[in-house]
Amino acid sequence: MRKRWRVVLPIIGVILFSVVSYHSLRFNRGIQRAPSRYFWWSAIRLDSDPANKRNWGATACQDSKENCSTWDLQSIWVDPGFVEQFLMLAALPAFIVGGLAVRGLGTIGINEIWTFMLVMPVLICAWYYLIGWLLDRWITRRSRRRTPAPG
């Protein structure tokens, strides 16, 4: 039975994306006690309010107390693991196009987290489908060359 890489590779890509997303969700819950403006997907910072419409963490000071507002981490050091690095390198064109789409839509105020989580699986699936299609085509051509013609 011949494997169809154009089906297998997109499934693997979406599974890898899901694993990294789950790990990122657990990581973000571990570093943040309250709802936060930023979400780190591996080493990529995503902004839930790129238009700065909400007042994140700032509270009105009561009785002239100092330091009465909360703060949010705008940058942290995230060391991506092997799975994250493999996925980002193997699907680099998808991440470039997705990054441009997320940042572009973020400039008009659309939530970068939702955009990333909706766009990236589709782009990763499309990229791995293309790679699988090329791989299937190459395997088919190679097997035809090896098979002697009848006659």
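## Helices α3 and α4

In this predicted model, helix α3 covers residues 92-107, and its axis comes within 9 Å of the axis of α4. The two axes cross at roughly 155°. Angles over 145 degrees count as roughly antiparallel, so α3 is roughly antiparallel to α4. The crossing of the pair is right-handed.

Which residues of α3 make the contact with α4? They are Pro-93, Ala-94, Phe-95, Val-97, Gly-98, Val-102, Arg-103, Leu-105 and Gly-106. From α4 come Glu-112, Thr-115, Phe-116, Val-119, Met-120, Leu-123, Ile-124 and Trp-127. By class, this contact has 12 nonpolar residues, three polar ones and two charged ones.

## A salt bridge between Glu-112 and Arg-103

Glu-112 and Arg-103 are both named in the helix contact: Arg-103 on the α3 side, Glu-112 on the α4 side. These two residues also form a salt bridge. Their closest N and O atoms are 2.7 Å apart.

Arg-103 is partly exposed, at 40% relative accessibility.

## The other salt bridges

How many salt bridges does the count come to? The answer is three. One of them joins the side chains of Arg-6 and Asp-136, with 3.1 Å from N to O. Arg-6 lies in helix α1, residues 5-31, and Asp-136 lies in helix α4, residues 112-146. The pair therefore ties together parts that are 130 residues apart in sequence. Arg-6 is partly exposed, with a relative accessible area of 24%. Asp-136 has 5% relative accessibility and counts as buried.

Arg-37 and Asp-47 form a salt bridge too, and their closest N and O atoms are 2.8 Å apart. Arg-37 sits in the loop between α1 and β1, while Asp-47 belongs to strand β2. Parts that are 10 residues apart in sequence are thus tied together by this pair. Both Arg-37 and Asp-47 are buried.

## Around Asp-47

Where does Asp-47 sit? Its place is in strand β2, which covers residues 44-47. The relative accessible area of Asp-47 is 8%. Buried means under 20%, so Asp-47 counts as buried.

Leaving aside residues up to four places away in sequence, Asp-47 touches Arg-37, Tyr-38, Asn-111, Glu-112 and Ile-113. Two of these names have already come up. Arg-37 is the salt-bridge partner of Asp-47. Glu-112 forms its salt bridge with Arg-103 and takes part in the contact of α3 with α4. Another residue gives a sense of spacing. Ser-36 is 11 residues from Asp-47 along the chain, and their C-alpha atoms are separated by 9.2 Å.

## The chain as a whole

The protein chain has four helices and two strands. From the N terminus on, the elements run α-β-β-α-α-α. Strand β1 covers residues 38-41.

The chain has 151 residues, and 28% of them count as buried. Among the contacts with a separation of 6 or more, 67% come from residues 24 or more positions apart. The bridge between Arg-6 and Asp-136 links parts 130 residues apart in sequence.

Definitions and conventions
Residues numbered from 1 in each chain as written. Predicted model: local features only at pLDDT ≥ 70, side-chain atom pairs only at ≥ 80, totals over all residues. Heavy atoms only, no water. Salt bridge = Lys/Arg side-chain N within 4 Å of Asp/Glu carboxyl O. Buried < 20%, exposed > 50% of the residue type's maximum accessible area, 1.4 Å probe, protein only. Axes fitted to C-alpha atoms, helices over the stretch in contact; angles between N-to-C directions. Parallel < 35°, antiparallel > 145°, perpendicular 65-115°, else oblique. Left-handed = near helix turned anticlockwise from the far one by under 90°. Contact = heavy atoms within 4.5 Å. Nonpolar A, V, L, I, M, F, W, Y, C, P; charged D, E, K, R; others polar.
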